[in-house]
Number of protein chains: 2
Amino acid sequence: MNTPEWQIRCNQRKQQQLDLIPEEWRIALPPDSQRNVLDVPRTCGLLSARELEITDTVDVDMLLYKLRTAEWSSVEVTTAFYKRAIIAQQLTNCLTEIFIDRALARAKEVDEHLAKTGTPIGPLHGLPISVKDQFCIKGMETIMGYAGWIGRIAETDSVLVELLHECGAVPFVRTNVPQTLIWGETYNHVFGRTTNPYNRYMTPGGSSGGEGALVALRGSPIGVGTDIGGSVRIPAGFCGLYGLRPSYERLPYCGAVNAQEGQESVSSVLGPMTNSVAGVRAFTKAIIDAKPWRRDPLAVRKAWSVSEYALEEHGGGDKMCFAIMWDNEIVKPHPPVRRAMEIVKGALEEAGHTVIDWEPHRHLEIYKNVESIFAADEGHDYRTDCALSGEPLIQTMSPDTGAHAYALDAPFAKAVVGTPRHLNAWELWQLHREKRALRKSHLDHWEATAARTGTGRPVDAIISPVAPYAACPHGCNSDAFYTTLFNTLDYACAVFPVTQADAALDRPDPPHDFRNGEDEAVCKLYDPELWHGMPVGLQLAGRTQEEEGVIGMLEVVDAALQTYKESQSQ
Amino acid sequence: MNTPEWQIRCNQRKQQQLDLIPEEWRIALPPDSQRNVLDVPRTCGLLSARELEITDTVDVDMLLYKLRTAEWSSVEVTTAFYKRAIIAQQLTNCLTEIFIDRALARAKEVDEHLAKTGTPIGPLHGLPISVKDQFCIKGMETIMGYAGWIGRIAETDSVLVELLHECGAVPFVRTNVPQTLIWGETYNHVFGRTTNPYNRYMTPGGSSGGEGALVALRGSPIGVGTDIGGSVRIPAGFCGLYGLRPSYERLPYCGAVNAQEGQESVSSVLGPMTNSVAGVRAFTKAIIDAKPWRRDPLAVRKAWSVSEYALEEHGGGDKMCFAIMWDNEIVKPHPPVRRAMEIVKGALEEAGHTVIDWEPHRHLEIYKNVESIFAADEGHDYRTDCALSGEPLIQTMSPDTGAHAYALDAPFAKAVVGTPRHLNAWELWQLHREKRALRKSHLDHWEATAARTGTGRPVDAIISPVAPYAACPHGCNSDAFYTTLFNTLDYACAVFPVTQADAALDRPDPPHDFRNGEDEAVCKLYDPELWHGMPVGLQLAGRTQEEEGVIGMLEVVDAALQTYKESQSQ
């Protein structure tokens, strides 16, 4: 059988990418059987001690300080992260576009500006930043996982890239995505599969899975992902990172490409993925301070709110009341996820906060509403983009060989939608009516918690799983409702790392009364030995357009966790 | 022929409304042939001198001051406005729901609160406020111009009404609308036609035409209308009022009924209509300060910005640069409208500002995009609501008898859409893509004006006609693109009165090179004698979500106009 034309083009494009890796940056690869590769950047010999010091600086505030005081030049910082990104690429296949010369030229320009003027260009002066393969960069392809998009050259920078330049940053690599973007894993026909550096048998999540793997390996200090149903939060959770899902249009999406472009019922948003709370704050504040509404007509005209960040509406951050959603009552979380919530509860209580249980509210209706919106065109958008090249629409994220035994023929998300059908405009409007009513009901439900918090206020934030599991084998990430819930409600959310799965502590639960086939399958999937060592993250959800408050609370929770872990280990 | 069932129900409902007018508030009606009825409230004898003093207080700040200092009680202020509203009803048929006892009971409650606590309830303490027949009030019908909605009782207050209560206001009447809401005039089968008190042969505009007529007759100090294509601004302009069209979701629409509910591509918004800039500011600031996002999940979480209101981004309000859109290049404005723009130009220049010409940008594409969105369901929504009762869908706003000779068989809006067809979800998404691109293009066009303002900034605001004419005879208001342009772009806009048409000054233009049939028809419609005395308003458009800045600039423009008029008349 002849290799189809689209496959030939994909192979050529992939080879072109491989050829861009400098010979001297190629490392001796560990065997495919080595699952955990986190240590390779330190052991492979490519990075100097100084480059390791630079790239191991997870505190973005510190990186920015050293850059703007010229203790470290942008050229050396960018070079260090570039080398480490190329190592990450060789280990996990996380990159798409590689443009070393261009990035270093930009870094040099930034250094020269500082040398000449004595002033940094902006708040992200000199910092290399990676972006998902949706953020167009002038003169460069944006392929977004479609064979048919190979050769599609952007005529302008996306607004995000423009603002990163204004802020002094150095966009330096682009990262991998799944075909269609609407998967919680990362595989496409052009660039292939991205793996999780904690365990390459596992997915880094998706759709911003390239960023997840890259940032986990410290190949980038801040990566920019996008999130329509969990695509920032899932890879952040699966890869042990911090991440932010802002509300619709708080950060500028204009000029980025997207799947289902023009679908504005549940909008995709962009957010940072990074190894420190400082990275979340620095990125978000810098982009908002750059007034994105000057360039993106949809961007919310709301300046960074100092008072919201100072938690003025949350008692100044003292004696807050958090609610934990232990279970969304659709898919029960695995033992490591439950233990992570117990740790956070302990940490918050030790820090003087109150923790109550969150009562799930109309989840099945919300689930059905959002999945019906995503299916409203009956896949016309995806089919159209596949038809450009003739590549098939990917039906499973399971590898052809070495797939995990677990497979779910009918994820619950499909069951809740029923038989898909291309809706007409009026039918779509009815879904909007329903969504508005559900959002109103959920808001009232949240407000009503004021009766039981003891603070006089409603619950300050909800803490919940990111997913029912901590990562999972390729092809097994079937459930995204823990994250999609908050896309539908448009609550600002942050993800933070809590612990790692532990085979000794996280013994399997006995079977419970299963709510649906997926709940059962996810339960049976759990294997303490397989999961051992995987990072477990949780998410913190605040109110719509409350990004500053969510970041402020994230700092409180993160500090409480550090203190608690120290006290527990003593 | 038997009277159809729906007509019988409409007649009964209308009679029920008439019966609610107290016998002692019925006035000796002027003859139908008396076109201008503005003087009737003063001459009809129903209002005492004090009631005239109260209702003639157009400065809302003054009303609020007298209410919160108990110089005037809410009961007497509400009674005075109620009586005048009932006069307005008898003259222009502007009301729908009348609920005197309920409103006065509320006013009494407000007065008692102040007497007991010494503290006003909130920033709108004691002020009667009228609302369009979309804002549900618990236990009351919301008919919104559909026979089939008669008897539809609201179970809860709309969020706006809840917040008005929190602010201490007294909702006291509801006002008339056209069937479907998507007309720039005000006529439906249940409550009939609302007329313009400046000239009852003319329409007050629509769809918030009930508010327009009511507030023009000073039957309400502040009315709340809604605007999806000009429905606040057109009646504000046609009736000589101030009005605000905020950006999508800045003020809380939740719990109000609507046409095409769930159509979120170009959202309807709510805004105040009033006789003073103070009224616009007092209402808008009070509602935003009440944090509508606590109750409306879609409301923008943006506190009232003191710095935006102080015009910090506009040079502090000194030496600004305004651009006048003399003509949208689709329908040429009538002479009185052009003269109004010349007056504003003179006033602004005299006040030290710069005035340049606005260059229209891609208007035909924007026009086609927005009209295609409005037609996306091929009228399914309207037909469904008409089918509830069997009433016919209204095809013209022309009266059955006494219609003006002018009639436009094919408004240009229909021509730009082409043959309507019920779009599918994917096709609607393509309109969204197109709209985003047009908004981006228009934003860049605006930003680029920085090169020619002389201020170093882009143009501070655009000043444009509200419509190509100052009001017009019933059935003749075919063109709404001067307003709909800004709904599509989501620019915050305010309307302000400038002058009155003057048969001596505003002589007809010679025919120009007509761009389309509507442009020709509108040109030929103009009759200096018919228009003489009609108010002419203009609109000021600022940026998306820049309500505070728009109100701040409105104050600057209004003050400049007062000064200029005084200097001209000396």
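**View 1. The second largest cavity has a volume of about 120 Å³.** A cavity here is a set of points, on a 1 Å grid over the protein atoms alone, where a 1.4 Å probe fits but cannot get out. Grid points are joined across faces, edges and corners, and the volume is the space filled by probe spheres set on the points. The lining consists of 13 residues, and those closest to the centre are A:Trp293, A:Pro297, B:Leu443, B:Arg543 and B:Thr544; a lining residue has an atom within 4 Å of a point. By class, 6 lining residues are nonpolar, 2 polar and 5 charged (nonpolar: Ala, Val, Leu, Ile, Met, Phe, Trp, Tyr, Cys and Pro; charged: Asp, Glu, Lys and Arg; polar: the others, Gly among them). The model is predicted: local features need pLDDT of at least 70, side-chain atom pairs count only at pLDDT 80 or more, and totals for chains, interfaces and linings use all residues. Residues are numbered from 1 along each chain as its sequence is written, chains are lettered from A in the order in which they are written, and side-chain values use heavy atoms, with hydrogens and water left out.

**View 2. The largest cavity holds about 690 Å³ of space.** Of its 34 lining residues, A:Tyr248, A:Glu249, A:Glu264, B:Tyr248 and B:Glu249 are the closest to the centre. Helix 16 (425-447) of chain A and helix 16 (425-447) of chain B each give two or more residues to this lining (helices are DSSP runs of H or I, at least four residues, and strands are runs of E, at least two, numbered from the N terminus). The lining has 12 nonpolar, 10 polar and 12 charged residues. In chain B, domain 1 (13-27 + 45-302) and domain 2 (313-392 + 408-570) both give residues to the lining, so the largest cavity lies between them; the domain bounds come from an automatic or database assignment.

**View 3. Chain B and chain A bury about 4,100 Å² between them.** Buried area is the accessible area (1.4 Å probe) that two parts lose on being put together, summed over both. Of this area, 53% is on carbon and sulfur atoms. On the chain B side, B:Arg301, B:Trp429 and B:Arg436 lose the most area to chain A, together 21% of what that side buries.

**View 4. A salt bridge joins the side chains of B:Glu313 and A:Arg301 (2.9 Å, N to O).** The rule asks for a side-chain nitrogen of Lys or Arg within 4 Å of a carboxyl oxygen of Asp or Glu. Across the interface of the two chains it finds 11 salt bridges.

Terms used: 1 Å grid on protein atoms, 1.4 Å probe; cavity = no way out; pocket = protein on both sides within 12 Å on 5 of 7 lines; lining within 4 Å.
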